[in-house]
Amino acid sequence: MSLLQPYFQQCASPAFSISFPSHSCYVSVSKRTFISCCSSQSQTAIVDAPIDSKIAERDEIRLGLPSKGRMAADTLDLLKDCQLSVKQVNPRQYVAQIPQLSNLEVWFQRPKDIVRKLLSGDLDLGIVGLDTVSEYGQGNEDLIIVHDALEYGDCRLSLAIPKYGIFENINSLRELAEMPQWTVEKPLRVATGFTYLGPKFMKENGLKHVIFSTADGALEAAPAMGIADAILDLVSSGTTLRENNLKEIEGGVVLESQAVLVASRKALIQRKGALDTTHEILERFEAHLRALGQFTVTANMRGGSGEEVAERVLSQPSLAGLQGPTVCPVFCKRDGKVTADYYAIVICVPKKALYKSVQQLRAIGGSGVLISPLTYIFDEETPRWRELLSKLGI
Ligand SMILES: Nc1ncnc2c1ncn2[C@@H]1O[C@H](COP(=O)(O)OP(=O)(O)OP(=O)(O)O)[C@@H](O)[C@H]1O
Ligand SMILES: O=P(O)(O)OC[C@H]1O[C@H](OP(=O)(O)OP(=O)(O)O)[C@H](O)[C@@H]1O
Ligand SMILES: [Mg+2]
């Protein structure tokens with residue numbers, strides 16, 4: 001605890017409570033300082049990795065965020081939920097700040113340009129869909145996925161064909177490939193905006209006679225217009241396909257996508273402060289996303305000892321918590337003597353198992369069950385940080 005004291009003394013207006021269940025200690029800290037309390041060590045690393053070229057000289061670290069489109073608002077919301085609100089003077093200004101990260105500059109860009117600018121060295125970090133990274137990154141080794149599941153922007157890149165005509169009984173990629181119609185002279189015509197991933201997928205799946213055309217949007221119209229036989233596009237609800245009489249086929253999913261945090265390997269290794277900043281962003285993302293869908297459950301239980309109460313709790317499958325229950329004696333004064341007849345237990349429970357947990361708690365004598373949403377779960381070290389260091393060869 002003493003190591004944490006300097007942070008806690010700064011807290012004029014406590015806004016978060018941090019619990020360390022294994023030590024049974026609870027403290028409150030201000031929003032501004034909570035991350036510092038949880039980061040266990042300084043992450044400055046000196047790396048001796050082979051780098052082919054120098055990066056552009058600048059002091060600030062640049063994070064690219066989608067300037068418009070369906071990823072834009074959700075990205076800002078995620079950052080806000082992680083106490084990393086983006087301060088933009090007005091919506092048409094493309095540069096912004098995150099006050100919590102003083103050495104970072106936010107640049108709003110179109111998603112594909114974020115990937116291009118990571119590769120050109122004009123951005124260091126970015127948040128975009130995995131589909132965009134895969135299409136415009138084209139497997140470039142300088143791009144590193146730092147967080148692969150930011151839990152929004154879910155969609156899949158999928159091949160779709162008409163429900164009617166010669167495709168009526170075609171339901172799989174294999175059946176599509178085996179159709180006698182496709183020849184050198186008359187190949188399968190696919191309309192797509194994914195002109196890198198599309199041909200790669202077809203080649204990998206042994207479809208020989210295929211030709212691609214491209215358009216920027218509303219691809220679902222192409223088959224009915226007679227421009228294409230099939231389309232390769234993003235699907236989420238499936239409504240656009242359905243409304244245009246198209247269907248997905250078995251084996252036709254090229255990629256499952258969601259928003260990811262991506263970085264330039266070169267920047268992480270060479271740019272001063274880039275790795276530390278990435279670590280902080282990653283920790284905040286992980287802590288927030290892990291806590292999503294979890295609740296803290298507190299209940300009082302009568303018992304002879306902490307161990308006995310813990311044993312009862314652990315006998316129930318939904319009550320194990322993250323690392324087991326925290327059990328604390330609740331002291332009261334009876335006949336002039338201080339005794340502990342009750343024990344307070346604290347556990348984390350996934351949203352899905354919430355009601356079952358309450359039932360199990362009651363069954364073993366739990367009363368006064370309090371439930372509150374969890375804001376952050378900081379692990380000792382984020383698993384993705386380890387992975388990142390190993391990808392960087394550190
Ligand atoms: N239907 C969808 N449902 C969920 N996420 C989607 C869907 N379509 C696209 N996305 C995700 O949102 C990202 C951005 O899509 P959006 O349509 O906003 O921009 P874009 O088409 O890449 O760019 P622009 O239209 O400006 O050229 C996609 O790369 C994908 O990751
Ligand atoms: O499965 P659904 O939920 O119907 O979503 C799929 C549609 O969403 C995207 O288009 P977008 O709305 O970005 O328009 P665009 O074609 O102009 O890019 C995608 O290109 C599909 O057309
Ligand atoms: Mg679009």
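How many helices and strands does the secondary structure of the protein chain come to? The chain has 14 helices and 17 strands, where helices (H or I, at least four residues) and strands (E, at least two) are DSSP runs numbered from the N terminus. This is a predicted model, in which local features need pLDDT of at least 70 and side-chain atom pairs count only at pLDDT 80 or more, while totals for chains, interfaces and linings use all residues. Residues are numbered from 1 along each chain as its sequence is written, and side-chain values use heavy atoms, with hydrogens and water left out.

**Whole chain**

- Of the 394 residues in the protein chain, 44% are buried (under 20% relative accessible area, with exposed over 50% and partly exposed in between; 1.4 Å probe, protein chains only).
- The chain exposes about 20900 Å², and carbon and sulfur atoms supply 50% of that area (Shrake-Rupley method with a 1.4 Å probe; for residues, only the protein chains shown count as cover).
- Among contacts (heavy atoms within 4.5 Å) between residues at least 6 apart in sequence, 70% join residues at least 24 apart.

**Helices H3 and H11**

- Helix H3 (residues 72-81) packs against helix H11 (residues 274-291) at an angle of about 90 degrees, with the axes 9 Å apart; axes are lines fitted to C-alpha atoms, for helices over the stretch in contact, and angles run from 0 to 180 degrees between N-to-C directions.
- H3 and H11 are therefore roughly perpendicular to each other (65 to 115 degrees; under 35 is roughly parallel, over 145 roughly antiparallel and the rest oblique).
- On the H3 side Leu78, Leu79 and Asp81 meet Phe285, His288 and Leu289 of H11.
- The residues of this contact divide into four nonpolar, one polar and one charged (Ala, Val, Leu, Ile, Met, Phe, Trp, Tyr, Cys and Pro count as nonpolar, Asp, Glu, Lys and Arg as charged, and the others, Gly among them, as polar).

**Helices H11 and H14**

- The axes of H11 and helix H14 (residues 383-391) come within 9 Å and cross at roughly 150 degrees.
- H11 and H14 are therefore roughly antiparallel to each other.
- Leu275, Thr278, His279, Leu282 and Glu286 in H11 meet Pro383, Arg384, Trp385, Leu388 and Leu389 in H14.
- By class, six nonpolar, two polar and two charged residues form the contact of H11 with H14.

**Asp142**

- Asp142 lies in the loop between helix H5 (130-137) and strand E7 (143-147).
- Asp142 is buried, with a relative accessible area of 11%.
- Leaving out residues up to four places away in sequence, Asp142 touches Leu118, Ala263, Ser264, Arg265 and Lys266.
- The C-alpha atoms of Asp142 and Arg265 are separated by 4.9 Å, although the two residues are 123 residues apart along the chain.

Methods:
Chains are lettered from A and ligands numbered from 1 in the order in which they are written.
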